[in-house]
Amino acid sequence: MTDKPFLYVVVCAAGVAADVSKLITAAQERDREVGVIATPTAMNGFFDAAAVETQTGRPIRSAWRRPGDPRPFPAPDAVVVAPATFNTVNKWAAGIADTLAVGTLCEAAGLGVPIAVLPCVADALAAHPAYRDAVARLRGMGVRFADPYPGEGEGDGGRREFGWERALDLLGDG
């Protein structure tokens, strides 16, 4: 057991998820324990699951536990959703808890746990009325959002930095 604050990191299926270790490192450097919950699609090669488990010292959660199974993580002191996809944001705002990741977000919001979101949503999807409504609904629930990261390349073929630490800043872990 630890006395350090416990952070849930919810990882969705976006290309930048490959660098989620940067967020975990930043959280650990700010004296937080970390547990990762991933969407089922994110578990299909969007990040190095074995490396993340080694880094956190905990299994990644992606499926519901069976009744009677022990809770593998303590209750969260805060939650970060990074990268957050169009699909996850919309399902969360609508209360569609069909995965452990979205169910965890729905529950954490209902409990008043601080939540920060780093969206990775293309500009065209960010302009969709359902997404705009979802963000407004979640903000109304106290969820803290960074500006969307479109995931598209720069003119030179590279990509701008995702800004993983921004999530911790949104939580007040400055």
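Predicted model: local features only at pLDDT ≥ 70, side-chain atom pairs only at ≥ 80, totals over all residues.

Is the crossing of helix 3 and helix 6 left-handed or right-handed? The crossing of these two helices is left-handed.

**Helix 3 and helix 6**

- Two packed helices are described by the angle between their axes and the distance between the axes.
- Helix 3 spans residues 86-94 and helix 6 spans residues 129-140; their axes come within 9 Å and cross at roughly 55°.
- Helix 3 and helix 6 are therefore oblique to each other.
- On the side of helix 3, the contact is made by Phe-86, Val-89, Asn-90, Trp-92, Ala-93 and Ala-94.
- Helix 6 contributes Ala-130, Tyr-131, Ala-134, Val-135, Arg-137 and Leu-138 to this contact.
- Sorted by class, the residues in the contact of helix 3 with helix 6 are ten nonpolar, one polar and one charged.

**Helix 1 and helix 2**

- The axes of helix 1 and helix 2 (residues 49-56) come within 10 Å, with a crossing angle of roughly 5°.
- Because angles under 35 degrees count as roughly parallel, helix 1 is described as roughly parallel to helix 2.
- Val-20, Ser-21, Ile-24, Thr-25 and Gln-28 of helix 1 meet Val-52, Gln-55 and Thr-56 of helix 2 in this contact.
- The contact of helix 1 with helix 2 comprises three nonpolar, five polar and no charged residues.

- Strand 3 (residues 78-84) runs parallel to strand 4 and is joined to it by four bridges.
- Within this pairing, Ala-116 of strand 4 is the bridge partner of Val-80, and Pro-119 in strand 4 stands opposite Ala-84.
- Strand 5 (residues 144-145) is also parallel to strand 4, with two bridges joining them.
- Here Phe-145 in strand 5 stands opposite Val-117.

**Strand 3 and its partner strand 1**

- Seven of the seven residues of strand 3 are buried, so strand 3 is largely enclosed by the rest of the structure.
- Strand 1 (residues 6-11) is joined to strand 3 by four bridges, and the two strands run parallel.
- Tyr-8 stands opposite Val-79 in strand 3.

**Backbone features**

- Most residues other than glycine have a negative phi, and most peptide bonds are trans.
- The peptide bond from Ala-82 to Pro-83 is cis, with omega near -10°.
- Pro-83 lies in strand 3.
- Asp-31 has a phi near 65°, which is a positive value in a residue other than glycine.
- Asp-31 is located in the loop between helix 1 (20-29) and strand 2 (33-38).
- The relative accessibility of Asp-31 is 44%, so this residue counts as partly exposed.

Conventions. Residues numbered from 1 in each chain as written. Heavy atoms only, no water. Axes fitted to C-alpha atoms, helices over the stretch in contact; angles between N-to-C directions. Parallel < 35°, antiparallel > 145°, perpendicular 65-115°, else oblique. Left-handed = near helix turned anticlockwise from the far one by under 90°. Contact = heavy atoms within 4.5 Å. Nonpolar A, V, L, I, M, F, W, Y, C, P; charged D, E, K, R; others polar. Pairing = 2+ DSSP bridges. Buried < 20%, exposed > 50% of the residue type's maximum accessible area, 1.4 Å probe, protein only.
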